Amino acid sequence: MKRVMKNVLSGVVIGSSMLIPGVSGGTTAILLGVYDRLIAAVSGFRKAPAKNGLFLLEVALGGGLGAVLLARAVLAVTNAWYFPMRYLFMGLIAGGVPLLFRQAGLTRKRLPLLLFAAAGAAAAIGVEKLPLPEQGFGGVPGLLVGGMLIAVALVLPGISTSHLLLAMGLYEPVLEAVQSLNLPYLSLLLSGTLAGIFLSAKLLETAMRRFPAPCYLMIAGFVSASVYSVHPGVPSGGDILPCLFTFCAGFTAMVMISLRPMRKTREI
């Protein structure tokens with residue numbers, strides 16, 4: 001029972017953090033010490049389906065609970081203070097970029113690897129230009145594709161799930177769907193996410209292990225370029241100082257979080 005509660009509580013923290021743009025669910029899982037176990041459970045699901053399935057179910061239940069508990073509050077605050085909250089999100093996202101470059105271990109001899117950061121930036125721009133029906137990511141095909149893109153954010157540390165939702169114009173709609181328990185809408189998004197996780201987890205895990213520097217640089221480029229998609233415009237009047245404050249607060253908070261040592265994964 002203690003093990004189950006620990007897994008569920010880890011899921012609650014991860015699920016809650018995923019609603020905050022700029023905060024990566026993968027990075028949160030690393031901080032909690034469960035990231036490697038999660039990836040191993042997905043990529044090695046067929047080897048021990050009962051054990052891995054139970055572990056994933058426990059974390060998923062906690063994640064769903066955390067998202068439902070926090071969705072209403074986040075949506076209310078975002079609607080009430082749209083510009084300051086958007087600038088807070090921008091600060092959180094931008095504050096995570098230095099960690100990604102640090103993780104890449106970039107040196108003068110490896111400066112040519114910055115081409116991977118450029119590739120990541122191009123991918124961020126490409127996400128916004130994906131050929132979709134008129135309703136964009138809001139239709140059935142768009143939700144399935146959006147779910148698959150979210151899967152990448154769940155697997156790779158450093159990419160925020162909510163950040164991607166913002167870039168795709170799905171952030172507020174998903175919060176509203178979670179708050180109102182719109183099961184048809186959430187089921188489509190979840191179907192795409194699960195398909196994306198099981199299709200990409202092993203590949204992404206291998207790439208991160210064998211080519212960490214190029215992978216982290218691609219993520220850094222992606223995150224850096226896609227900050228623009230969150231930008232709501234230039235604030236005016238009474239919004240200027242609050243936006244400046246929230247951006248600086250978000251940036252500082254994320255930098256401080258990223259300086260924390262990562263916990264090693266323990267068997268759960």
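R37 lies over the face of F55, 4.4 Å from the ring centre; a charge sits over a ring if NZ of Lys or CZ of Arg is within 6 Å of the ring centre and within 35 degrees of the ring normal. This is a predicted model, in which local features need pLDDT of at least 70 and side-chain atom pairs count only at pLDDT 80 or more, while totals for chains, interfaces and linings use all residues. Residues are numbered from 1 along each chain as its sequence is written, and side-chain values use heavy atoms, with hydrogens and water left out.

**Aromatic pairs**

- The whole structure contains three aromatic pairs (ring centres of Phe, Tyr or the six-membered ring of Trp within 6.5 Å; planes under 30 degrees apart are stacked, over 60 edge-to-face, the rest tilted).
- One of them joins Y82 and F83 edge-to-face, at 5.8 Å centre to centre and 80 degrees between the planes.
- Another edge-to-face pair, F89 and Y171, has 5.6 Å centre to centre and 75 degrees between the planes.
- Because F89 lies in helix α5 (residues 82-95) and Y171 in helix α10 (residues 171-179), this pair ties together parts that are 82 residues apart in sequence; helices are DSSP runs (H or I, at least four residues), numbered from the N terminus.

**Accessibility**

- F89 is buried at 2% relative accessible area, and Y171 is buried at 1% (buried is under 20%, exposed over 50%, partly exposed in between; 1.4 Å probe, protein chains only).
- Y82 is partly exposed at 36%, and F83 is partly exposed at 23%.
- M1, in the segment before α1 (2-17), is exposed at 75%.

Definitions and conventions
Helix = DSSP H or I, 4+ residues; strand = E, 2+ residues; numbered from the N terminus.
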